[in-house]
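This report walks through one protein model. Look at the sequence and the coordinates first, then read on.

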Amino acid sequence: MSAPANASSPEPSSLSSDRYSAVARVLLRVLFLNLAVALAKIAFGYATGAISILSDGFHSLTDAASNVVGLIGVRAAGQPPDRDHPYGHRKYETVAAAAVTVFLLLVVVEVLRNAFNHLTGRSQPLDISIASFAVMVVTVVINLAVVAYESGEATRLSSEILLADAMQTRGDVWSSLTVIAALIGARFGVPILDPLAALVVAGFIGHAGYQIARATTGILSDRIVISDADLERVVMSVPGVLGCHNIRTRGAADHVFLDLHVWMPPDLRLTEAHDLSHVVKDRLMARYPQIADAVIHIEPPPADRRFDRDPPSSTSFRPRAS
């Protein structure tokens, strides 16, 4: 026996259309900034012949590409439940976040390729003018501002795509720093500085990709979201409940599905047990508003269990008015 979610229960605010619109707005703003940074590098690279800055500009376009992937994922995630997706489309945002790891992998490959070319003497001569430093420093500052803004919005909106995209942009910052290291090394006669910095940067970016993959895989594989012990404490705070077990949660941090078994006195009438189950559900969703739906299975307690609380009589509960 189970108690479905109330038809009148409001959708969690974090899953409203406003939330998806807010995520999309952040991605659009970041997209324009990333395009501006990439085009500035490409334009300067073509104008001066600075091959390293030109290649870094094309690499910066991967940030804009990840923004586009994020926008597509968020648009799909914002669609309401349908016959084929009764639980909604929220995981499309997670899939989009997982796709960002592909762009981070491309960044790692590019950084390592540049490091190898510098070590083997295959790289093009560097333009070490003051203008080169200025362009790279300005774009790094812009990217750092983007990372700070996007990371903050990711936390506020509980959005893994924004967090993954911020890590992607942070990878671009590290990549740009290798170009600056190469320019400094060339200017002061220490060319080994660039490949050494590139190896360190590749490690940082690889670790960021691992963090994204770990987080998104946990959601897609239905890893536990809320502690069983925390949920049990809320359930046991409801008078009349004798115990609970088989607690299961899954989903994203802001979109959790919960089901559990609740022990109730065997002499309760069906309407009374159902009414009590809704008290449990309401209390759980009030404590954890990120719960999108809770299914409660009602069953009598095992015959061999003893309880610290006295089971209530069947007259202790009155059915709720419909």
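What covers the buried residues of α7? The model is a predicted one. In it, the cover over the buried residues of α7 includes β2 (243-252), β3 (255-263) and α8 (270-287).

**Helix α7**

Helix α7 spans residues 228-236. Leu231, Val234 and Val235 are buried in this helix. They share one side of α7, because they cover an arc of only 100° around the axis. At the N-terminal end, α7 is capped by Ser227. A side-chain oxygen of Ser227 lies 3.3 Å from the backbone nitrogen of Ala229.

**The whole protein**

How many helices and strands does the protein have? The secondary structure comes to 8 helices and 4 strands. Read from the N terminus, the order is β-α-α-α-α-α-α-α-β-β-α-β. The protein has 322 residues, and buried ones make up 45% of them. Take the contacts with a separation of 6 or more: residues 24 or more positions apart account for 75% of them.

One pair shows such a sequence separation. Leu183 and Ile53 are 130 residues apart in sequence. Their C-alpha atoms are 10.0 Å apart in space. Leu183 is part of helix α5. Is Leu183 buried or exposed? Leu183 counts as buried because its relative accessibility is 0%, and the cut-off for buried is under 20%.

**Positive phi**

Phi of Ser158 is positive, near 50°. Phi of Asn246 is also positive, near 50°. Where are they placed? Ser158 sits in the loop between α4 (130-157) and α5 (160-187). Asn246 belongs to strand β2, an element that is part of the cover over the buried residues of α7. Ser158 counts as partly exposed because its relative accessibility is 32%. Asn246 is partly exposed as well, with a relative accessible area of 43%.

The table sets out the accessibility of the single residues discussed.

| Residue | Relative accessibility | Class |
|---|---|---|
| Leu183 | 0% | buried |
| Ser158 | 32% | partly exposed |
| Asn246 | 43% | partly exposed |

Note on methods. Residues are numbered from 1 along each chain as its sequence is written. This is a predicted model: local features need pLDDT of at least 70, side-chain atom pairs count only at pLDDT 80 or more; totals for chains, interfaces and linings use all residues. Side-chain values use heavy atoms; hydrogens and water are left out. Buried means under 20% relative accessible area, exposed over 50%, partly exposed in between (1.4 Å probe, protein chains only). Helices (H or I, at least four residues) and strands (E, at least two) are DSSP runs, numbered from the N terminus. The arc is that of the directions from the helix axis to the C-beta atoms. Contact means heavy atoms within 4.5 Å. A polar contact is a pair of N or O atoms within 3.5 Å; within protein, one must be able to donate a hydrogen and the other to accept it, and residues adjacent in sequence count only if both atoms are side-chain atoms.
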